[in-house]
Amino acid sequence: MATDNVREIILDILLDISKNGVYSHIAIRGALEKYQYLSKRDRAFITKVVEGTVERRIEIDYIINRFSSVPVSRMKAVIQEILRSAVYQIRFMGGIPDSAAVNEAVVLAQRKGFYNLKGFVNGVLRTVVRDGDKVTYPDVEKEPVRALSVKYSMPEWLVANWEKEFGSYVTNLMLESFLKERPTTVRFKTGGGFPRQQILDSLKTQGVEVKRAPYLPYAYNISGYNYLSAVQAFREGWIFTQDVSSMLVGEIADPHQGDYIIDMCAAPGGKSLHVADKMNGYGMVDARDLSEDKVALIRDNVKRADLINIRPNVKDALVRDPLSEGKADIVLVDAPCSGLGVISRKSDIKYRISPQKIEELVRLQRQILENAASYVRKGGVLIYSTCTIGKRENHDNRQWFLDNFPFDAESLDPYLPEELRSLTTAEGYLQIIPGIYEADGFFIARFRKRGI
């Protein structure tokens, strides 16, 4: 059973997320690095409760509001997060006695200086324990958008948008998929004929569970480890964390030995490392990003990968680089986006995005694409990708690009496994939808510049 100290760490992380705007995966990582003495079990408990509390926040608040005389929105931040994390443990986690979740929430409220509210916390949580199964949810027939919003803890405007774009059936599959736990997916090093069995043997020797991921022969799901940095295959640069969706960018780019590739928004370097690996040490990948901090992440990964054909550079994708015009065989534009395709891994994204922010991102993406178009040599290739699923950032941008620049769409089918080929991939783009595909939400389009 978790200790009081562990629950206090959970509270501090949740406050860091809600009050300071820190992304949940960053806040969790920072806390676990700070408290390295924690057992593997406590670390897993902290991660599970924080991720679950953030992921299920809309439904949790709905439940609390059914039993609280004070709406969640009017509570002190500390009390909000104490109640939310306790309700998550009571309603969504097995193996934890309800009494422990309630009692330790009361103790935590008192320890944080809210002695006068310990009775309130106790009363709300005991009522949730007693009557939580009797909560009446919004009627899906009368309030379909609100019903899905509460059931899947997704903001109503996103549910409404997706219902309009994808229809009810696909939207339901997607929302359900976002709440499923996703494994850690890694790409095995393949360049230079690196032996896959050596990697598998190393992982299994350290007790890491390994399963094949779908679609690509070098993609695997791993679990059963504590620190990824303690895994020999990771330290040695034999494996790299990357979702299959992201790996498909490298496949569709189809680099050849000797190519000069510009990766416009490269940090932390996954796609740059992948295409460099595919070129077996030949050619050059110009891996660019906006700040020294971001480029430092690329350098760290390049060093670990021991690749000689990547050059990390600090360059703003929004500022035209005259020296790069007409030089690149391939330009990768993995554009800054809303990130709605990776909600299952970064659930707080859904609370931070808005229609206005999406429109700002579309303008940003188009500015980057305009610069990228000038860097591609005649006959060269541009790959546009995002880790999101909305029409504005994906299909609309693709059509805008085709309408305004001397590029033609190219079929993706020669570069994809058969199970991913479709009418749209033949036309030059792939929209990966969680729940339909076994991968993160992603969009990839391939263009060829006219001329020789």
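Author: Strand β1, residues 184–188, pairs with β4 in the antiparallel sense, over three bridges. Two strands count as paired here if DSSP finds at least two bridges between them. Strands (E, at least two residues) and helices (H or I, at least four residues) are DSSP runs, numbered from the N terminus.

Before we go on, a word on what you are looking at. This is a predicted model, in which local features need pLDDT of at least 70 and side-chain atom pairs count only at pLDDT 80 or more, while totals for chains, interfaces and linings use all residues. Residues are numbered from 1 along each chain as its sequence is written, and side-chain values use heavy atoms, with hydrogens and water left out.

Now widen the view to the whole sheet. It is open and has four strands in the order β2-β3-β1-β4, with antiparallel pairing. At its edges stand β2 (209–212) and β4 (239–241); each has a single partner strand, so one side of each is left without a neighbour in the sheet. From one strand to the next, the twist averages 40°. Helix α12, residues 244–253, packs on this sheet and touches β1 and β3 (219–223). Touching, or contact, means heavy atoms within 4.5 Å. The direction of α12 makes about 25° with that of β1; the axes are lines fitted to C-alpha atoms, for helices over the stretch in contact, and angles run from 0 to 180 degrees between N-to-C directions.

What lies between and around these pieces? The largest nonpolar core has 53 residues, and F188, L203 and I239 have the most contacts inside it. Helix α12 gives the most to this core, with six residues. Such a core is a set of buried Ala, Val, Leu, Ile, Met, Phe, Trp, Tyr and Cys residues joined through side-chain atoms within 4.5 Å. Buried means under 20% relative accessible area, exposed means over 50%, and partly exposed is in between (1.4 Å probe, protein chains only). In soluble globular proteins, nonpolar side chains tend to be buried together. A second, separate core has 46 residues, among them I17, L38, V72 and V124.

Next, follow the chain to another group of strands. Strand β5, residues 260–263, pairs with β6 in the parallel sense over four bridges, and I262 has D286 as its bridge partner in β6. On to β7 (residues 310–314): five bridges join this strand to β6, and the two run parallel. Here D289 stands opposite V314.

Charged side chains come next. The structure holds 33 salt bridges, each one a side-chain nitrogen of Lys or Arg within 4 Å of a carboxyl oxygen of Asp or Glu. One of them joins D321 to K315, with the closest N and O atoms 3.9 Å apart. D321 counts as buried at 12% relative accessibility, whereas K315, at 31%, is partly exposed. Another links E410 and R446 at 2.7 Å, N to O. E410 lies in the loop between β10 (407–409) and α18 (423–427), and R446 in strand β12 (residues 442–449), so the pair ties together parts that are 36 residues apart in sequence. R446 counts as buried, at 2% relative accessibility. Finally, salt bridges that share partners join D286, R288, R311, K315 and D321 into one network. That brings us back to D286, the bridge partner of I262 in β6.
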